[in-house]
Amino acid sequence: MPHYRRVGDVPRKRHTVHPAPPAARLHEELMGEAGFSGASSLLYHRHSPSAVIRIEPAEVPDGTARSGALHDNQPLRPHHLRTGDLAIAPGTDPVTGRRPLLVADQVTIGHVVADTSSGLYRDAAGDELVYVQRGAGRLDSVFGSLAVGPGDYVVIPAGTTHRWVVDGELELLVLCARGHVTIPSRYLSRDGQLLEGSPYSERDTRGPDAEPLLADGDDVPVLVRTRMGWSVHVHATHPFDVVGWDGYLYPWAFNIADFEPIVGRIHQPPPVHQTFAGDGFVVCSFVPRLYDTDPQAVKIPYHHANVDTDEVLFYSAGDFMSRAGSGIGVGSISLHPAGFVHGPQPGSYERSVDADRTGETAVMIDVFAPLRLSEAALSVSDPTYATSWHRRAQA
Ligand SMILES: [Fe+2]
């Protein structure tokens, strides 16, 4: 969460009577991480957020519930997943329609193309980080409404009751964490301010609107993703009844185009691209930037062995010079697992000699636990990718 935010009416002192009319007592909720030792917010509800009238099991389609069958990456191989080949069905929403592709204990990476708004939903298993590849919409939540568009990362804290409102069609890369998504600590001052020199600042982040989002309704179902499966809680009244809140915990967005790339005289290592930290993973942003400036610099990435992580790259926009000839393009996901040394495709060096910049935009997710592949992932995995570095494979 970027910094303190206050929306609507809150009492001057915490845990005191809310002065807002009418005289009916408001219900204060403290939503806090890490056993209330981490970030938190105080929300003031018109109705009890605990007033549930019914609890039901949930049937979530398309293997989302427990990801269906998962396959170990055995024998070990790199993968190229063509998300554009995943079937798109009318009536798909951004929550129940997401397809898990790569799954580890602490993170699930999925993809969805949605043309329908979702119902109310909260992820009780961890934070969600959603990257908007295409389209526009809104994230409505108990904290208010947050407009989103192409290139936005949207961080949704665990336990946030929300819904996705789709305007046309939304293509999303969805990371469901088993834990929290945070700003890397090395970017922050002792007091939590984003430091000079970090690749983004508070001015680049956006929170929910300045006005509370209020809705009426009775018997309102909320789909809950839990650490053990899925449930539906039917609330007596609409959960969007917060007249005011303040704190450090709320959904927020950051656009990848606002990430300031760090370049050098020679090639900079992947950590300069880090954007988020998580429990068991990191997220990096590759954005259009100048190449290295030394006349002798090798501009393309060196071959690299990420010995502790499985590396996932989602190719969002532009040309990917170091991947040319591999079949990778916009919408592709590559998986380069630990144990496989990977690097630029044949011919990349020659193509880079006269180039002074790259126009690529990509999202990288390094996961420390081994990733398993879903049936959906295997169904769009390019069988020729694993040997695409071999010149004989180009013949
Ligand atoms: Fe890599």
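**Aromatic pairs in a predicted model**

Tyr153 is buried, its relative accessible area being 1%, where buried means under 20% relative accessible area, exposed over 50% and partly exposed in between, with a 1.4 Å probe and protein chains only. This is a predicted model, in which local features need pLDDT of at least 70 and side-chain atom pairs count only at pLDDT 80 or more, while totals for chains, interfaces and linings use all residues. Residues are numbered from 1 along each chain as its sequence is written, and side-chain values use heavy atoms, leaving out hydrogens and water.

Aromatic pairs
- The structure holds 14 aromatic pairs, a pair being rings of Phe, Tyr and Trp (its six-membered ring) with centres within 6.5 Å, and with planes under 30 degrees apart counted as stacked, over 60 as edge-to-face and the rest as tilted.

Tyr4 and Tyr248
- The ring centres of Tyr4 and Tyr248 are 6.0 Å apart and their planes stand at 55°, so this pair is tilted.
- Because Tyr4 lies in the segment before β1 (5-8) and Tyr248 in the loop between β18 (242-247) and β19 (252-255), the pair ties together parts that are 244 residues apart in sequence; strands here are DSSP runs (E, at least two residues), numbered from the N terminus.
- Tyr4 is partly exposed, with a relative accessible area of 38%, and Tyr248 is partly exposed at 41%.

Tyr131 and Tyr153
- Tyr131 and Tyr153 form a tilted aromatic pair, with 5.3 Å from centre to centre and 55° between the planes.
- Tyr131 is buried, with a relative accessible area of 3%.
- One aromatic cluster is formed by Tyr131, Tyr153, Tyr187, Tyr200, Trp252, Phe254, Phe276 and Phe314.

Note on methods
Helix = DSSP H or I, 4+ residues; strand = E, 2+ residues; numbered from the N terminus.
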